[in-house]
Number of protein chains: 4
Amino acid sequence: MKRLVGCGVVAAALMIVAGAHSSAAQSPQTSGGALDPAVIEDLVAANRILVAQGVLDAYGHVSIRDPRNPNRYLLSRSRAPVLVTADDIMEYDLDSNPIDPKGRTSVLERFIHGEIYKAHPEVKAVIHSHSPAVIPFGVTQVPMRPVYHQATFLYGGVPVWDIRNADCPDAAAMLVRNGCLGKSLAAALGDQPVLLMRGHGNVVAAADVQTAVKYAVFTEVNARLQTIAIGLGGPINYISAEEAAARAKAPSDFARAWELWKKEALGR
Amino acid sequence: MKRLVGCGVVAAALMIVAGAHSSAAQSPQTSGGALDPAVIEDLVAANRILVAQGVLDAYGHVSIRDPRNPNRYLLSRSRAPVLVTADDIMEYDLDSNPIDPKGRTSVLERFIHGEIYKAHPEVKAVIHSHSPAVIPFGVTQVPMRPVYHQATFLYGGVPVWDIRNADCPDAAAMLVRNGCLGKSLAAALGDQPVLLMRGHGNVVAAADVQTAVKYAVFTEVNARLQTIAIGLGGPINYISAEEAAARAKAPSDFARAWELWKKEALGR
Amino acid sequence: MKRLVGCGVVAAALMIVAGAHSSAAQSPQTSGGALDPAVIEDLVAANRILVAQGVLDAYGHVSIRDPRNPNRYLLSRSRAPVLVTADDIMEYDLDSNPIDPKGRTSVLERFIHGEIYKAHPEVKAVIHSHSPAVIPFGVTQVPMRPVYHQATFLYGGVPVWDIRNADCPDAAAMLVRNGCLGKSLAAALGDQPVLLMRGHGNVVAAADVQTAVKYAVFTEVNARLQTIAIGLGGPINYISAEEAAARAKAPSDFARAWELWKKEALGR
Amino acid sequence: MKRLVGCGVVAAALMIVAGAHSSAAQSPQTSGGALDPAVIEDLVAANRILVAQGVLDAYGHVSIRDPRNPNRYLLSRSRAPVLVTADDIMEYDLDSNPIDPKGRTSVLERFIHGEIYKAHPEVKAVIHSHSPAVIPFGVTQVPMRPVYHQATFLYGGVPVWDIRNADCPDAAAMLVRNGCLGKSLAAALGDQPVLLMRGHGNVVAAADVQTAVKYAVFTEVNARLQTIAIGLGGPINYISAEEAAARAKAPSDFARAWELWKKEALGR
């Protein structure tokens with residue numbers, strides 16, 4: 001339930017714009033009405049912030065559950081995250097079918113997003129990355145554990161999912177290219193906010209896009225710090241259960257990071 | 001007493017501007033008169049320099065003791081350090097109450113600053129950071145020791161303060177959010193210039209803001225170098241007591257670093 | 001045969017422009033007709049991309065087999081890769097003689113390129129670099145192995161070529177400055193896409209320039225990740241044979257990386 | 001004698017400009033005539049290149065022996081290297097007295113330069129830096145050895161000089177602040193191109209400023225690579241004596257690095 005802890009700012013923004021279309025009933029294969037532009041702006045910003053913070057490179061993707069329809073999610077077409085603009089955002093159903101592709105190419109691994117939203121109703125934002133400092137923890141037997149206060153959300157454990165163990169088509173090709181693989185990953189995630197994909201990258205799930213970005217960035221930083229601490233040698237004084245619980249309930253000052261990161265990412 | 005060794009340049013600048021208000025007696029809850037703009041400029045520059053040098057990220061903060069009133073200190077509102085401007089600087093009493101908040105949000109951990117100023121009259125500048133190379137030394141049993149001549153100020157030892165051992169409210173949430181926690185930290189600092197906060201970051205205290213910046217930067221660099229030296233293996237030839245003492249009394253050429261860093265930080 | 005797996009985009013671009021000269025028979029020492037400018041643009045972009053990605057520095061070079069004549073290759077004059085423009089591209093025969101030097105200085109180690117094209121008809125692009133994270137694997141006994149899905153092309157093994165073992169003139173001076181040394185290197189490469197040059201750097205060979213860039217970048221990243229994983233300690237869960245084979249046949253989304261990298265490299 | 005191997009370009013530029021003053025006899029305390037501006041330009045460029053390459057930070061300095069008078073050397077006033085311009089260059093005798101200071105502050109450790117020029121007539125350029133990857137080799141017992149072909153000049157061994165062992169005033173303060181300390185360092189250098197100053201940094205000496213820059217940069221890179229190779233574990237296949245000797249006599253392609261670095265450093 002860690003991922004339910006968030007800053008709440010986006011939650012407020014995720015209100016349906018009370019326009020002409022927004023009160024209309026949505027058929028499954030019809031796009032929802034107009035979205036608050038601030039929602040899309042935060043989604044675009046999230047893509048770029050994660051590049052600036054060294055979490056994403058030319059790959060990786062960020063989605064949000066559609067605030068107008070919990071059975072839909074929003075995800076950029078297949079494009080390097082730093083290039084993503086509002087026009088690249090596409091809408092998908094939870095089986096990861098695009099609603100109105102307009103000729104745009106979908107991300108191969110969009111099933112990560114759809115299946116997590118299907119299995120975990122409380123999740124409202126998902127990130128998949130090749131966050132570099134994190135990958136080694138997925139291929140060794142060293143568990144990722146929080147070494148500092150910004151990463152206490154890792155306390156519950158970081159599951160490592162090995163795609164080879166999923167009884168699904170195309171598992172050997174390593175990409176989550178179908179619903180079967182996505183379901184297996186979503187089940188392995190359980191109620192943790194972060195899951196490692198062995199030999200590939202990781203997935204972050206959270207209650208809003210700002211919190212997902214926060215988790216993704218501090219997972220990367222924690223991986224760097226834990227690697228250095230292990231290199232120094234000797235026992236490591238990890239974050240305790242009591243601290244993780246207390247931090248989850250304490251006031252957050254994440255707004256200052258988000259203000260900076262968004263300003264830098266959007267160039268204004 | 002290491003932190004009393006400084007470049008003295010700021011000390012000269014910390015003179016009260018002889019304006020209309022400056023000679024008036026200050027009541028505890030009244031802001032002081034006009035400050036020399038150069039004092040504020042150096043404080044703003046310190047925030048930005050520490051970002052450029054990799055000591056601060058979106059978090060961390062820098063304060064100075066108010067040159068007009070030793071029972072006050074000056075600290076930016078809660079804002080990413082690289083965005084701080086003169087207008088963000090707020091005034092606090094030593095119990096860390098804002099004098100004239102004007103609706104601005106205070107830094108949650110301002111009690112670090114207030115309690116250090118209260119306990120250590122010789123301290124005129126305080127920095128709190130999540131300086132990344134330093135954090136691992138706070139969670140291992142490897143003592144931070146100086147490996148090169150720019151970090152001889154670490155010779156006296158770098159205490160590690162574990163907030164869990166403070167008998168105070170909210171200790172488990174890991175942030176120094178009240179005076180009780182700040183007092184505990186300030187006591188642990190003793191007369192050293194640097195203290196590690198286990199699983200969190202560090203604190204630097206010095207006789208002026210330039211010296212505090214110098215200590216914060218070279219503590220980060222020393223941590224990187226010590227980590228590499230440990231990785232190479234075998235005994236390490238650390239700085240000796242005699243060298244630390246001699247360096248503290250020797251002429252400094254820090255002015256050349258400050259000139260560069262300030263120029264780069266302020267973009268001119 | 002790993003290097004035959006490519007994105008195919010360049011293959012299409014490598015068509016001879018149907019201009020006045022292009023249909024003329026080419027004598028061995030006559031330059032071919034006009035090239036599709038897109039071919040040269042990709043070659044120039046490859047040079048700059050590899051600098052931006054940390055694979056090349058002031059040294060290293062990228063060539064393509066001439067699409068108009070398989071017995072020729074195209075390579076910049078001796079120049080730092082980030083400065084290379086279309087005017088710097090020279091044409092060579094497979095003995096690495098320049099066709100029309102126009103006073104330009106040739107790269108000392110061009111024999112790497114010529115001899116690989118001679119020995120391996122399926123190779124259409126070659127990169128030589130001092131890719132920094134890779135060099136240590138050439139001087140230790142630790143084999144480079146793929147730790148993540150972007151580097152499955154390394155699965156077949158990464159040969160280490162030690163120039164001292166080549167029975168050729170000037171071997172001790174460490175540079176591949178003649179055909180004899182180039183032939184020895186090309187033979188050691190076999191049908192692998194990457195070869196390490198002990199105490200020097202590496203060579204990448206692929207079926208097109210985009211794939212060569214992809215291999216060079218992910219070889220560097222894999223080296224960083226493998227180094228960190230080894231530092232964490234314990235057994236490493238490397239990519240399996242089955243995964244390497246499946247990835248080689250799976251659809252690729254490299255176009256998104258190429259779009260980004262080229263845009264950034266060419267500044268538009 | 002390794003440092004006599006250079007690109008010779010600067011050697012040609014170090015000709016006295018045949019102006020009105022240049023043929024006049026120079027008294028010891030009179031500045032020489034006009035210098036070829038290209039000489040000064042290369043010296044300024046060297047300062048900035050070394051910052052861009054991560055060898056210098058706010059500290060460190062570069063000098064050349066005065067081409068007009070072998071008993072003089074040219075060195076910037078005390079200033080961060082990236083800020084150095086032609087106007088900052090001062091002239092010194094070999095006892096490190098400034099000839100015409102014009103109120104400018106001299107570098108505290110200029111005696112490094114003066115005493116090396118005095119003891120080693122073949123040296124024409126000297127660099128002192130806190131090159132970060134190199135410092136750990138000065139405080140451990142791990143000898144710095146060349147792991148790749150760009151650093152073969154290190155083959156003869158890299159002496160480690162500990163200032164505490166010099167029987168001179170102010171040795172404990174760690175800076176080379178007088179001739180006695182400079183003489184001790186210059187004697188320890190012997191005929192090697194690089195010397196480590198334990199707990200401080202290193203010194204590079206060469207036959208011209210371009211070669212000195214080359215040595216300083218590749219010493220830093222070699223230190224990074226050797227550190228990584230040691231971290232991988234097992235025996236390291238270092239550069240051999242035969243290779244070092246052959247490389248010293250082989251043609252160099254350093255002109256391509258210098259062209260790039262100077263262009264980037266001078267912004268044109």
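User: With which residue does D:Glu243 form a salt bridge, and how far apart are the closest N and O atoms?
Analyst: Please keep in mind that this is a predicted model. D:Glu243 forms a salt bridge with C:Arg198, and the closest N and O atoms are 2.6 Å apart.

User: Where do those two residues sit?
Analyst: The pair crosses between chains. D:Glu243 belongs to helix H7 (residues 241–249) of chain D, while C:Arg198 lies in the loop between S6 and S7 of chain C.

User: Is D:Glu243 buried or exposed? And C:Arg198, buried or exposed?
Analyst: D:Glu243 is buried, because its relative accessible area is 0%. C:Arg198 is buried as well, with a relative accessible area of 2%.

User: Which side chain of chain C meets D:Glu243 in a salt bridge at 3.8 Å?
Analyst: That is the side chain of C:Arg164, with 3.8 Å from N to O.

User: How many salt bridges are found across the interface of chain C and chain D? And how many residue pairs are in polar contact?
Analyst: The rule finds three salt bridges across this interface. Between chain C and chain D there are also ten residue pairs in polar contact.

User: Which helices of chain C supply residues to the side that touches chain D?
Analyst: Helix H4 (135–139) and helix H6 (209–232) of chain C each supply at least two residues of that side. H4(C) gives the largest share, four residues. By class, the side of chain C that touches chain D holds 19 nonpolar, nine polar and five charged residues.

User: How many residues does each chain bring to the contact, and what area is buried?
Analyst: Chain C and chain D bring 33 residues each. The area buried between them is about 2,800 Å², and carbon and sulfur atoms give 63% of that area.

User: Which three residues of chain C supply more of its buried area than any other three?
Analyst: They are C:Tyr59, C:Val139 and C:Ala172, which supply 21% of the area that chain C buries against chain D.

User: Let us look inside a chain. How many residues of helix H3 of chain C are buried?
Analyst: Seven of the nine residues in H3(C), which spans residues 111–119, are buried, so the helix is mostly covered. The buried residues are C:Phe111, C:Ile112, C:His113, C:Gly114, C:Glu115, C:Ile116 and C:Tyr117.

User: What do they pack against?
Analyst: In chain C, the buried residues of H3(C) pack against strands S1 (61–65), S2 (72–76), S4 (125–129), S6 (194–197) and S7 (201–206), and against helix H5 (179–189).

User: Now chain A: how many helices and strands does it have?
Analyst: Chain A has eight helices and seven strands. Buried residues make up 61% of its 268 residues.

User: Which residue does A:Asp42 meet in a salt bridge?
Analyst: The side chain of A:Asp42 meets that of A:Lys262, at 2.6 Å from N to O. A:Asp42 lies in helix H2 (residues 37–52) of chain A and A:Lys262 in helix H8 (residues 254–266) of chain A, so the pair ties together parts that are 220 residues apart in sequence.

User: Is A:Lys262 buried or exposed?
Analyst: A:Lys262 counts as buried because its relative accessibility is 17%, and buried means under 20%. A:Asp42 is buried too, with a relative accessible area of 6%.

User: Lastly, which residues of chain A are linked in a network of salt bridges?
Analyst: A:Asp66, A:Arg68, A:Arg72 and A:Glu91 are linked in such a network. Over all chains, a search of the whole structure finds 72 salt bridges.

Definitions and conventions: Residues numbered from 1 in each chain as written. Chains lettered and ligands numbered in written order. Predicted model: local features only at pLDDT ≥ 70, side-chain atom pairs only at ≥ 80, totals over all residues. Heavy atoms only, no water. Buried < 20%, exposed > 50% of the residue type's maximum accessible area, 1.4 Å probe, protein only. Contact = heavy atoms within 4.5 Å. Buried area = accessible area lost by both parts, 1.4 Å probe. Salt bridge = Lys/Arg side-chain N within 4 Å of Asp/Glu carboxyl O. Polar contact = N/O pair within 3.5 Å; in protein donor to acceptor, adjacent residues only side chain to side chain. Nonpolar A, V, L, I, M, F, W, Y, C, P; charged D, E, K, R; others polar.
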